[in-house]
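Thanks, everyone. Let's get going with the next model.

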There are 2 protein chains.
Amino acid sequence: MEEKVSSYKFPIRTFACDFSERATLPVMGNFVLEAASLHSNEGNFGHKQISKDNVTWVLSRLSIEMYEYSFCGENLTVQTWIEKVDQFFTQRCCRFTDSNGKVTGFARSIWVAMDIKTRRPLDIRKWRPDLANHVTDEIACPIEKYAIIFPVNKVEPVMNYKIRYMDIDINHHMNSIKYIEHTINIFDLSFFREKIIHRLDIVYLAEGLVKDKLELYMQDVSEEEYLIDFKKEGKSICRCRVVWTPIPPGNEVVQ
Amino acid sequence: MEEKVSSYKFPIRTFACDFSERATLPVMGNFVLEAASLHSNEGNFGHKQISKDNVTWVLSRLSIEMYEYSFCGENLTVQTWIEKVDQFFTQRCCRFTDSNGKVTGFARSIWVAMDIKTRRPLDIRKWRPDLANHVTDEIACPIEKYAIIFPVNKVEPVMNYKIRYMDIDINHHMNSIKYIEHTINIFDLSFFREKIIHRLDIVYLAEGLVKDKLELYMQDVSEEEYLIDFKKEGKSICRCRVVWTPIPPGNEVVQ
(Lines give C-alpha, C1' and ligand atoms only; values in the text may rest on other atoms or scores of the structure.)
Protein backbone atom coordinates (compact mmCIF):
# COMPACT_ATOMS: atom_id res chain seq x y z
CA MET A 1 0.00 0.00 0.00
CA GLU A 2 1.09 3.53 -0.72
CA GLU A 3 2.07 6.03 1.96
CA LYS A 4 -0.88 8.04 3.23
CA VAL A 5 1.14 11.20 2.66
CA SER A 6 3.09 11.11 -0.59
CA SER A 7 5.84 13.50 -1.50
CA TYR A 8 6.98 14.62 -4.98
CA LYS A 9 9.77 16.92 -6.05
CA PHE A 10 9.32 19.38 -8.90
CA PRO A 11 12.30 21.41 -10.13
CA ILE A 12 11.21 24.94 -11.02
CA ARG A 13 12.17 25.31 -14.68
CA THR A 14 12.55 28.60 -16.51
CA PHE A 15 9.39 27.90 -18.50
CA ALA A 16 7.41 27.55 -15.27
CA CYS A 17 8.26 31.13 -14.31
CA ASP A 18 6.92 34.55 -15.18
CA PHE A 19 8.84 37.77 -15.87
CA SER A 20 9.80 37.94 -12.18
CA GLU A 21 11.54 34.53 -12.39
CA ARG A 22 9.07 33.10 -9.91
CA ALA A 23 6.84 30.10 -10.59
CA THR A 24 3.34 31.11 -11.60
CA LEU A 25 0.08 30.23 -9.87
CA PRO A 26 -1.09 27.92 -12.71
CA VAL A 27 2.15 25.97 -12.27
CA MET A 28 1.24 25.43 -8.61
CA GLY A 29 -2.15 24.20 -9.81
CA ASN A 30 -0.45 21.80 -12.24
CA PHE A 31 1.70 20.43 -9.42
CA VAL A 32 -1.41 19.85 -7.27
CA LEU A 33 -3.08 17.86 -10.05
CA GLU A 34 0.08 15.95 -10.93
CA ALA A 35 0.68 15.02 -7.28
CA ALA A 36 -2.98 13.93 -6.97
CA SER A 37 -2.62 11.82 -10.10
CA LEU A 38 0.62 10.14 -8.97
CA HIS A 39 -0.69 9.54 -5.43
CA SER A 40 -3.99 8.03 -6.61
CA ASN A 41 -2.18 5.78 -9.09
CA GLU A 42 0.05 4.50 -6.28
CA GLY A 43 -3.06 3.81 -4.20
CA ASN A 44 -4.75 1.94 -7.06
CA PHE A 45 -7.55 4.49 -7.40
CA GLY A 46 -6.02 6.56 -10.20
CA HIS A 47 -7.47 7.47 -13.59
CA LYS A 48 -6.26 4.32 -15.36
CA GLN A 49 -7.48 1.98 -12.63
CA ILE A 50 -10.96 3.47 -12.12
CA SER A 51 -11.64 3.96 -15.82
CA LYS A 52 -12.03 0.16 -15.91
CA ASP A 53 -15.12 0.73 -13.71
CA ASN A 54 -16.23 3.53 -16.10
CA VAL A 55 -15.49 6.08 -13.40
CA THR A 56 -13.44 9.25 -13.59
CA TRP A 57 -12.34 11.78 -10.99
CA VAL A 58 -13.73 15.25 -11.65
CA LEU A 59 -12.22 18.26 -9.94
CA SER A 60 -15.03 20.26 -8.39
CA ARG A 61 -13.21 22.87 -6.33
CA LEU A 62 -9.65 24.00 -5.82
CA SER A 63 -8.16 26.49 -3.39
CA ILE A 64 -4.50 27.44 -3.33
CA GLU A 65 -2.93 29.65 -0.70
CA MET A 66 0.67 30.78 -1.24
CA TYR A 67 2.93 32.60 1.21
CA GLU A 68 5.65 32.93 -1.41
CA TYR A 69 6.42 31.63 -4.91
CA SER A 70 9.57 29.64 -5.69
CA PHE A 71 12.20 31.17 -7.89
CA CYS A 72 13.53 29.51 -11.01
CA GLY A 73 16.10 26.82 -10.14
CA GLU A 74 14.42 25.91 -6.82
CA ASN A 75 13.32 22.38 -6.11
CA LEU A 76 9.77 22.38 -4.75
CA THR A 77 8.39 19.51 -2.68
CA VAL A 78 4.69 18.84 -2.93
CA GLN A 79 3.13 16.57 -0.31
CA THR A 80 -0.38 15.33 -0.82
CA TRP A 81 -2.91 13.34 1.19
CA ILE A 82 -6.63 12.69 1.53
CA GLU A 83 -8.17 14.58 4.42
CA LYS A 84 -11.68 13.21 4.18
CA VAL A 85 -13.87 10.89 2.14
CA ASP A 86 -17.53 11.94 2.03
CA GLN A 87 -20.47 10.25 0.36
CA PHE A 88 -20.08 12.15 -2.94
CA PHE A 89 -16.58 13.62 -2.82
CA THR A 90 -13.08 13.30 -1.46
CA GLN A 91 -11.13 16.18 0.03
CA ARG A 92 -7.46 16.22 -0.90
CA CYS A 93 -4.79 18.57 0.51
CA CYS A 94 -1.31 19.62 -0.58
CA ARG A 95 1.58 21.28 1.18
CA PHE A 96 4.40 23.08 -0.68
CA THR A 97 7.88 23.17 0.85
CA ASP A 98 10.95 24.87 -0.62
CA SER A 99 14.53 23.52 -0.70
CA ASN A 100 15.23 25.05 2.73
CA GLY A 101 12.32 23.22 4.30
CA LYS A 102 10.19 26.33 4.52
CA VAL A 103 6.48 25.78 3.95
CA THR A 104 5.46 28.15 1.14
CA GLY A 105 1.80 27.25 0.65
CA PHE A 106 -1.11 24.84 0.83
CA ALA A 107 -3.92 23.67 -1.40
CA ARG A 108 -7.29 22.05 -0.95
CA SER A 109 -9.23 20.24 -3.63
CA ILE A 110 -12.60 18.49 -3.85
CA TRP A 111 -13.04 15.58 -6.22
CA VAL A 112 -16.20 13.86 -7.39
CA ALA A 113 -16.16 10.28 -8.69
CA MET A 114 -18.32 10.47 -11.79
CA ASP A 115 -19.90 7.55 -13.60
CA ILE A 116 -18.78 8.10 -17.21
CA LYS A 117 -21.97 6.57 -18.67
CA THR A 118 -24.64 8.19 -16.50
CA ARG A 119 -22.60 11.41 -15.91
CA ARG A 120 -23.78 11.19 -12.27
CA PRO A 121 -21.65 11.25 -9.11
CA LEU A 122 -21.09 7.92 -7.44
CA ASP A 123 -21.59 7.15 -3.78
CA ILE A 124 -17.90 6.78 -3.00
CA ARG A 125 -18.43 4.90 0.26
CA LYS A 126 -20.34 2.16 -1.55
CA TRP A 127 -18.22 2.14 -4.72
CA ARG A 128 -14.81 2.12 -3.03
CA PRO A 129 -15.14 1.72 0.75
CA ASP A 130 -11.35 1.14 0.82
CA LEU A 131 -10.71 4.83 0.09
CA ALA A 132 -11.48 5.62 3.74
CA ASN A 133 -8.26 3.78 4.64
CA HIS A 134 -6.23 6.44 2.84
CA VAL A 135 -7.50 9.28 5.03
CA THR A 136 -4.93 10.83 7.32
CA ASP A 137 -4.58 13.80 9.67
CA GLU A 138 -0.81 13.40 9.90
CA ILE A 139 -0.38 16.88 8.39
CA ALA A 140 -2.86 19.64 9.19
CA CYS A 141 -4.06 21.83 6.33
CA PRO A 142 -4.43 25.20 8.06
CA ILE A 143 -6.02 27.13 5.21
CA GLU A 144 -9.69 28.02 5.14
CA LYS A 145 -12.14 25.74 3.45
CA TYR A 146 -13.74 26.78 0.22
CA ALA A 147 -15.17 30.23 -0.15
CA ILE A 148 -18.61 30.71 -1.62
CA ILE A 149 -18.00 32.52 -4.90
CA PHE A 150 -20.91 34.68 -5.93
CA PRO A 151 -21.83 35.16 -9.59
CA VAL A 152 -20.70 38.34 -11.28
CA ASN A 153 -23.57 40.37 -12.69
CA LYS A 154 -21.88 42.76 -15.07
CA VAL A 155 -22.93 43.78 -18.55
CA GLU A 156 -19.51 44.00 -20.19
CA PRO A 157 -17.04 41.11 -20.19
CA VAL A 158 -13.40 41.99 -19.44
CA MET A 159 -12.20 39.33 -21.86
CA ASN A 160 -13.55 37.03 -24.55
CA TYR A 161 -11.95 33.68 -25.05
CA LYS A 162 -12.48 30.90 -27.57
CA ILE A 163 -11.41 27.46 -26.32
CA ARG A 164 -8.63 26.03 -28.46
CA TYR A 165 -6.30 23.03 -28.79
CA MET A 166 -3.88 23.99 -25.99
CA ASP A 167 -6.82 24.28 -23.53
CA ILE A 168 -8.17 20.77 -23.96
CA ASP A 169 -7.44 17.82 -21.64
CA ILE A 170 -7.72 14.06 -22.14
CA ASN A 171 -11.48 14.27 -21.49
CA HIS A 172 -11.78 16.84 -24.32
CA HIS A 173 -12.80 19.49 -21.80
CA MET A 174 -11.10 22.74 -20.98
CA ASN A 175 -8.26 21.79 -18.62
CA SER A 176 -8.97 22.92 -15.04
CA ILE A 177 -5.73 24.86 -14.79
CA LYS A 178 -6.28 26.73 -18.07
CA TYR A 179 -9.14 28.59 -16.34
CA ILE A 180 -6.56 29.86 -13.85
CA GLU A 181 -4.23 30.96 -16.68
CA HIS A 182 -7.00 32.90 -18.40
CA THR A 183 -8.13 34.37 -15.07
CA ILE A 184 -4.75 35.81 -14.17
CA ASN A 185 -4.23 37.02 -17.73
CA ILE A 186 -6.97 39.56 -17.01
CA PHE A 187 -4.76 41.42 -14.57
CA ASP A 188 -2.39 44.18 -15.55
CA LEU A 189 1.33 43.50 -15.19
CA SER A 190 1.49 46.15 -12.44
CA PHE A 191 -0.39 43.78 -10.11
CA PHE A 192 2.36 41.19 -10.49
CA ARG A 193 5.09 43.76 -9.95
CA GLU A 194 3.71 44.89 -6.61
CA LYS A 195 1.79 41.93 -5.24
CA ILE A 196 1.48 38.19 -5.25
CA ILE A 197 -1.69 36.14 -5.45
CA HIS A 198 -2.15 35.04 -1.87
CA ARG A 199 -5.19 32.91 -2.49
CA LEU A 200 -7.18 31.50 -5.35
CA ASP A 201 -10.54 29.75 -5.03
CA ILE A 202 -12.07 28.17 -8.06
CA VAL A 203 -15.27 26.22 -8.54
CA TYR A 204 -16.05 24.24 -11.68
CA LEU A 205 -19.73 24.21 -12.60
CA ALA A 206 -19.95 22.91 -16.16
CA GLU A 207 -17.68 21.82 -18.98
CA GLY A 208 -15.96 24.02 -21.52
CA LEU A 209 -15.55 22.33 -24.89
CA VAL A 210 -13.33 23.13 -27.85
CA LYS A 211 -14.60 26.09 -29.93
CA ASP A 212 -16.85 27.28 -27.09
CA LYS A 213 -16.81 31.05 -26.85
CA LEU A 214 -16.42 32.16 -23.26
CA GLU A 215 -17.01 35.56 -21.73
CA LEU A 216 -15.08 36.49 -18.60
CA TYR A 217 -16.73 38.92 -16.21
CA MET A 218 -14.92 40.49 -13.29
CA GLN A 219 -15.98 42.26 -10.13
CA ASP A 220 -13.73 43.86 -7.56
CA VAL A 221 -14.76 43.16 -3.99
CA SER A 222 -11.88 45.31 -2.71
CA GLU A 223 -8.47 46.42 -3.94
CA GLU A 224 -7.18 42.96 -3.03
CA GLU A 225 -10.10 40.72 -3.89
CA TYR A 226 -11.62 39.99 -7.30
CA LEU A 227 -14.30 37.64 -8.56
CA ILE A 228 -14.12 36.24 -12.08
CA ASP A 229 -17.01 34.48 -13.75
CA PHE A 230 -16.57 32.39 -16.92
CA LYS A 231 -19.85 32.34 -18.84
CA LYS A 232 -20.87 30.31 -21.83
CA GLU A 233 -24.06 31.45 -23.52
CA GLY A 234 -24.89 33.48 -20.42
CA LYS A 235 -24.42 30.64 -17.92
CA SER A 236 -21.54 30.34 -15.44
CA ILE A 237 -19.30 27.37 -16.13
CA CYS A 238 -16.53 28.34 -13.71
CA ARG A 239 -16.09 30.96 -11.01
CA CYS A 240 -12.90 32.21 -9.34
CA ARG A 241 -11.89 34.38 -6.45
CA VAL A 242 -8.41 35.95 -6.49
CA VAL A 243 -6.93 37.57 -3.38
CA TRP A 244 -3.76 39.66 -3.71
CA THR A 245 -1.28 40.60 -1.00
CA PRO A 246 1.89 42.73 -0.97
CA ILE A 247 5.01 40.80 -1.91
CA PRO A 248 6.35 39.29 1.33
CA PRO A 249 9.95 40.10 2.42
CA GLY A 250 12.41 37.76 0.72
CA ASN A 251 10.10 37.07 -2.21
CA GLU A 252 10.74 40.34 -4.04
CA VAL A 253 11.50 40.45 -7.72
CA VAL A 254 15.26 40.50 -8.08
CA GLN A 255 15.45 42.61 -11.22
CA MET B 1 34.78 22.69 -17.92
CA GLU B 2 31.41 21.31 -18.89
CA GLU B 3 30.85 18.43 -21.28
CA LYS B 4 30.59 19.52 -24.90
CA VAL B 5 27.40 17.49 -25.18
CA SER B 6 25.19 17.84 -22.13
CA SER B 7 22.26 15.62 -21.33
CA TYR B 8 19.13 16.44 -19.33
CA LYS B 9 16.17 14.30 -18.37
CA PHE B 10 12.64 15.67 -18.40
CA PRO B 11 9.78 13.55 -17.09
CA ILE B 12 6.68 14.05 -19.24
CA ARG B 13 4.04 15.26 -16.78
CA THR B 14 0.29 15.22 -17.40
CA PHE B 15 0.27 19.00 -17.71
CA ALA B 16 2.81 18.80 -20.55
CA CYS B 17 0.41 16.72 -22.64
CA ASP B 18 -2.55 17.44 -24.87
CA PHE B 19 -5.83 15.53 -25.17
CA SER B 20 -3.96 12.65 -26.80
CA GLU B 21 -1.73 12.23 -23.71
CA ARG B 22 1.32 13.10 -25.78
CA ALA B 23 3.68 15.95 -24.99
CA THR B 24 2.93 19.05 -27.07
CA LEU B 25 5.24 20.82 -29.49
CA PRO B 26 5.60 23.92 -27.25
CA VAL B 27 6.80 21.61 -24.46
CA MET B 28 9.55 20.38 -26.80
CA GLY B 29 10.43 24.02 -27.39
CA ASN B 30 10.57 24.65 -23.65
CA PHE B 31 12.91 21.69 -23.21
CA VAL B 32 15.21 23.05 -25.95
CA LEU B 33 15.44 26.43 -24.21
CA GLU B 34 15.83 24.91 -20.75
CA ALA B 35 18.61 22.58 -21.96
CA ALA B 36 20.32 25.55 -23.66
CA SER B 37 20.08 27.55 -20.46
CA LEU B 38 21.45 24.78 -18.24
CA HIS B 39 24.26 23.94 -20.70
CA SER B 40 25.36 27.56 -21.11
CA ASN B 41 25.32 28.09 -17.35
CA GLU B 42 27.58 25.07 -16.90
CA GLY B 43 29.95 26.48 -19.52
CA ASN B 44 30.03 29.89 -17.83
CA PHE B 45 28.33 31.68 -20.73
CA GLY B 46 24.77 31.56 -19.41
CA HIS B 47 22.30 34.38 -18.86
CA LYS B 48 23.48 35.20 -15.33
CA GLN B 49 27.18 35.21 -16.27
CA ILE B 50 26.95 37.27 -19.46
CA SER B 51 24.51 39.79 -18.03
CA LYS B 52 27.51 41.07 -16.05
CA ASP B 53 28.91 42.12 -19.46
CA ASN B 54 25.53 43.65 -20.35
CA VAL B 55 24.99 40.93 -22.89
CA THR B 56 22.01 38.66 -23.39
CA TRP B 57 21.35 35.69 -25.66
CA VAL B 58 18.52 36.33 -28.10
CA LEU B 59 16.89 33.43 -29.90
CA SER B 60 16.76 34.25 -33.58
CA ARG B 61 15.58 31.02 -35.18
CA LEU B 62 14.34 27.68 -34.00
CA SER B 63 13.54 24.51 -35.94
CA ILE B 64 12.15 21.38 -34.35
CA GLU B 65 11.67 18.11 -36.17
CA MET B 66 9.83 15.31 -34.39
CA TYR B 67 9.42 11.69 -35.47
CA GLU B 68 7.11 10.99 -32.56
CA TYR B 69 5.91 12.68 -29.38
CA SER B 70 6.43 11.15 -25.94
CA PHE B 71 3.43 9.97 -23.99
CA CYS B 72 2.65 11.10 -20.48
CA GLY B 73 4.79 9.24 -17.93
CA GLU B 74 7.78 8.90 -20.29
CA ASN B 75 11.20 10.20 -19.35
CA LEU B 76 12.65 12.21 -22.23
CA THR B 77 16.38 12.81 -22.58
CA VAL B 78 17.46 16.03 -24.25
CA GLN B 79 21.06 16.32 -25.38
CA THR B 80 22.39 19.67 -26.46
CA TRP B 81 25.59 20.97 -27.96
CA ILE B 82 27.02 23.86 -29.99
CA GLU B 83 27.50 22.96 -33.62
CA LYS B 84 29.08 26.20 -34.76
CA VAL B 85 30.11 29.65 -33.59
CA ASP B 86 29.89 32.33 -36.26
CA GLN B 87 30.75 36.00 -36.07
CA PHE B 88 27.26 37.07 -35.05
CA PHE B 89 25.55 33.91 -33.90
CA THR B 90 25.95 30.48 -32.43
CA GLN B 91 24.20 27.41 -33.76
CA ARG B 92 22.94 25.04 -31.08
CA CYS B 93 21.45 21.59 -31.67
CA CYS B 94 19.34 19.21 -29.58
CA ARG B 95 18.53 15.55 -29.82
CA PHE B 96 15.50 13.95 -28.12
CA THR B 97 15.69 10.32 -26.99
CA ASP B 98 12.90 8.33 -25.29
CA SER B 99 13.27 5.91 -22.35
CA ASN B 100 13.97 3.03 -24.77
CA GLY B 101 16.88 4.86 -26.36
CA LYS B 102 14.93 5.66 -29.52
CA VAL B 103 15.73 9.03 -31.07
CA THR B 104 12.39 10.84 -31.42
CA GLY B 105 13.50 14.21 -32.77
CA PHE B 106 16.02 16.98 -33.24
CA ALA B 107 16.14 20.74 -32.94
CA ARG B 108 18.31 23.53 -34.29
CA SER B 109 18.51 27.02 -32.87
CA ILE B 110 20.36 30.20 -33.73
CA TRP B 111 21.33 32.61 -30.97
CA VAL B 112 22.58 36.17 -31.20
CA ALA B 113 24.61 37.75 -28.39
CA MET B 114 23.01 41.16 -27.99
CA ASP B 115 24.52 44.16 -26.24
CA ILE B 116 21.76 45.18 -23.81
CA LYS B 117 22.67 48.89 -23.98
CA THR B 118 23.15 49.35 -27.73
CA ARG B 119 20.62 46.61 -28.68
CA ARG B 120 23.15 45.55 -31.34
CA PRO B 121 24.59 42.07 -31.95
CA LEU B 122 28.10 41.47 -30.66
CA ASP B 123 30.98 39.98 -32.59
CA ILE B 124 31.03 36.72 -30.64
CA ARG B 125 34.55 35.75 -31.76
CA LYS B 126 35.96 38.94 -30.30
CA TRP B 127 33.72 39.08 -27.24
CA ARG B 128 34.09 35.45 -26.17
CA PRO B 129 36.72 33.64 -28.29
CA ASP B 130 36.52 30.77 -25.76
CA LEU B 131 33.07 29.80 -27.07
CA ALA B 132 34.74 28.15 -30.06
CA ASN B 133 36.13 25.54 -27.63
CA HIS B 134 32.61 24.33 -26.93
CA VAL B 135 31.89 23.40 -30.54
CA THR B 136 31.57 19.69 -31.22
CA ASP B 137 30.54 17.36 -34.03
CA GLU B 138 30.31 14.37 -31.72
CA ILE B 139 26.61 14.03 -32.60
CA ALA B 140 25.36 14.86 -36.09
CA CYS B 141 22.19 16.89 -36.42
CA PRO B 142 20.64 15.38 -39.56
CA ILE B 143 17.72 17.78 -39.96
CA GLU B 144 17.65 20.49 -42.59
CA LYS B 145 18.91 23.92 -41.77
CA TYR B 146 16.48 26.77 -41.45
CA ALA B 147 13.81 27.25 -44.06
CA ILE B 148 13.19 30.68 -45.52
CA ILE B 149 9.73 31.61 -44.32
CA PHE B 150 7.96 33.95 -46.69
CA PRO B 151 5.61 36.64 -45.42
CA VAL B 152 1.88 35.95 -45.59
CA ASN B 153 -0.01 38.51 -47.63
CA LYS B 154 -3.61 37.95 -46.64
CA VAL B 155 -6.27 40.50 -45.85
CA GLU B 156 -8.04 38.69 -43.02
CA PRO B 157 -6.22 37.45 -39.92
CA VAL B 158 -7.15 33.97 -38.71
CA MET B 159 -6.72 35.05 -35.09
CA ASN B 160 -6.25 38.20 -33.04
CA TYR B 161 -4.21 38.04 -29.89
CA LYS B 162 -3.43 40.56 -27.18
CA ILE B 163 -0.18 39.88 -25.32
CA ARG B 164 -0.84 39.25 -21.63
CA TYR B 165 0.88 38.36 -18.35
CA MET B 166 1.35 34.64 -19.07
CA ASP B 167 3.11 35.46 -22.38
CA ILE B 168 5.87 37.63 -20.93
CA ASP B 169 9.41 36.46 -20.15
CA ILE B 170 12.11 37.90 -17.88
CA ASN B 171 13.02 40.42 -20.59
CA HIS B 172 9.39 41.62 -20.62
CA HIS B 173 8.99 40.34 -24.18
CA MET B 174 6.63 37.75 -25.50
CA ASN B 175 8.24 34.41 -24.63
CA SER B 176 9.61 32.63 -27.73
CA ILE B 177 7.62 29.49 -27.06
CA LYS B 178 4.34 31.34 -26.59
CA TYR B 179 4.42 32.14 -30.31
CA ILE B 180 4.41 28.39 -30.92
CA GLU B 181 1.46 27.91 -28.56
CA HIS B 182 -0.57 30.57 -30.33
CA THR B 183 0.45 29.20 -33.74
CA ILE B 184 -0.76 25.69 -33.06
CA ASN B 185 -3.93 27.02 -31.41
CA ILE B 186 -4.98 28.14 -34.89
CA PHE B 187 -5.40 24.55 -36.04
CA ASP B 188 -8.59 22.58 -35.63
CA LEU B 189 -8.53 19.62 -33.25
CA SER B 190 -9.03 17.29 -36.23
CA PHE B 191 -5.45 18.01 -37.33
CA PHE B 192 -4.12 16.71 -34.02
CA ARG B 193 -6.34 13.62 -34.16
CA GLU B 194 -5.03 12.52 -37.54
CA LYS B 195 -1.54 13.98 -37.77
CA ILE B 196 1.47 15.15 -35.83
CA ILE B 197 3.55 18.24 -36.42
CA HIS B 198 6.60 16.84 -38.11
CA ARG B 199 8.49 20.09 -38.34
CA LEU B 200 8.27 23.63 -37.07
CA ASP B 201 10.46 26.51 -38.25
CA ILE B 202 10.18 29.83 -36.53
CA VAL B 203 12.02 33.09 -37.04
CA TYR B 204 11.87 35.97 -34.58
CA LEU B 205 12.03 39.40 -36.22
CA ALA B 206 10.97 41.91 -33.57
CA GLU B 207 9.75 42.00 -30.00
CA GLY B 208 6.20 41.56 -28.78
CA LEU B 209 5.44 43.56 -25.65
CA VAL B 210 2.67 43.30 -23.11
CA LYS B 211 -0.67 44.76 -24.34
CA ASP B 212 0.49 44.62 -27.99
CA LYS B 213 -2.33 43.53 -30.25
CA LEU B 214 -1.16 40.91 -32.70
CA GLU B 215 -2.80 39.69 -35.85
CA LEU B 216 -2.04 36.15 -37.02
CA TYR B 217 -2.23 35.49 -40.73
CA MET B 218 -2.06 32.03 -42.23
CA GLN B 219 -1.39 30.63 -45.66
CA ASP B 220 -1.55 27.00 -46.71
CA VAL B 221 1.31 25.95 -48.97
CA SER B 222 -0.15 22.45 -49.24
CA GLU B 223 -2.38 20.19 -47.14
CA GLU B 224 0.63 19.50 -44.94
CA GLU B 225 2.42 22.84 -44.89
CA TYR B 226 1.25 26.14 -43.44
CA LEU B 227 2.85 29.53 -42.97
CA ILE B 228 1.85 31.75 -40.04
CA ASP B 229 2.77 35.40 -39.81
CA PHE B 230 2.45 37.38 -36.55
CA LYS B 231 1.95 41.04 -37.35
CA LYS B 232 1.96 44.04 -35.08
CA GLU B 233 0.67 47.23 -36.66
CA GLY B 234 1.06 45.62 -40.08
CA LYS B 235 4.68 44.52 -39.61
CA SER B 236 5.85 40.92 -39.16
CA ILE B 237 7.37 40.28 -35.75
CA CYS B 238 7.52 36.50 -36.06
CA ARG B 239 6.98 33.96 -38.82
CA CYS B 240 6.40 30.21 -38.60
CA ARG B 241 6.21 27.26 -40.88
CA VAL B 242 4.32 24.16 -39.70
CA VAL B 243 4.61 20.84 -41.53
CA TRP B 244 2.19 18.03 -40.64
CA THR B 245 2.59 14.31 -41.26
CA PRO B 246 0.35 11.29 -40.62
CA ILE B 247 0.75 9.85 -37.12
CA PRO B 248 3.60 7.31 -37.33
CA PRO B 249 2.93 3.69 -36.29
CA GLY B 250 3.33 3.29 -32.53
CA ASN B 251 2.56 6.94 -31.84
CA GLU B 252 -1.21 6.66 -32.27
CA VAL B 253 -3.60 8.14 -29.77
CA VAL B 254 -4.55 5.37 -27.36
CA GLN B 255 -8.10 6.47 -26.61
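Ground rules. This is a predicted model: local features need pLDDT of at least 70, side-chain atom pairs count only at pLDDT 80 or more, and totals for chains, interfaces and linings use all residues. Residues are numbered from 1 along each chain as its sequence is written, chains are lettered from A and ligands numbered from 1 in the order written, and side-chain values use heavy atoms, with hydrogens and water left out.

Interface first. Chain A gives 37 residues to the contact, and chain B gives 37 residues. Contact here means heavy atoms within 4.5 Å. Between them the two chains bury about 3,400 Å², 57% of it on carbon and sulfur atoms. That buried area is the accessible area (1.4 Å probe) that two parts lose on being put together, summed over both. In chain A, the most area is lost by F15(A), Y165(A) and M166(A), together 22% of what that side buries.

Now the polar part. The rule finds 12 residue pairs in polar contact across the interface of chain A and chain B, both residues at pLDDT 80 or more. A polar contact is a pair of N or O atoms within 3.5 Å; within protein, one must be able to donate a hydrogen and the other to accept it, and residues adjacent in sequence count only if both atoms are side-chain atoms. On the side of chain A that touches chain B, the elements giving two or more residues are β1 (6-11), α1 (25-42), β6 (159-162), α4 (176-184) and α5 (189-194). The largest share, 6 residues, comes from α1(A). Helices (H or I, at least four residues) and strands (E, at least two) are DSSP runs, numbered from the N terminus.

Salt bridges. A salt bridge is a side-chain nitrogen of Lys or Arg within 4 Å of a carboxyl oxygen of Asp or Glu. Take R13(A) and E34(B): their side chains meet at 3.7 Å, N to O. R13(A) sits in the loop between β1 and α1 of chain A, E34(B) in helix α1 (residues 25-42) of chain B. Both are buried. Buried means under 20% relative accessible area, exposed over 50%, partly exposed in between (1.4 Å probe, protein chains only).

Within chain B, R241(B) pairs with D201(B), closest N and O atoms 3.1 Å apart. R241(B) lies in strand β10 (residues 235-246) and D201(B) in strand β7 (residues 195-204), so the bridge ties together parts 40 residues apart in sequence. Both residues are buried. R128(B) and D130(B) also form a salt bridge, at 2.8 Å. R128(B) is buried, at 13% relative accessibility. D130(B) is partly exposed, at 29%.

Next, helix α4 (residues 176-184) of chain B. How many of its residues are buried? 9 of the 9, so the helix is largely enclosed by the rest of the structure. N175(B) caps its N-terminal end, with a side-chain oxygen 2.7 Å from the backbone nitrogen of I177(B).

Last, two contrasting spots in chain A. T56(A) is in strand β2 (residues 55-66). At 8% relative accessibility, T56(A) is buried. E223(A) is in the loop between β8 (213-220) and β9 (225-232). At 60% relative accessible area, E223(A) is exposed.
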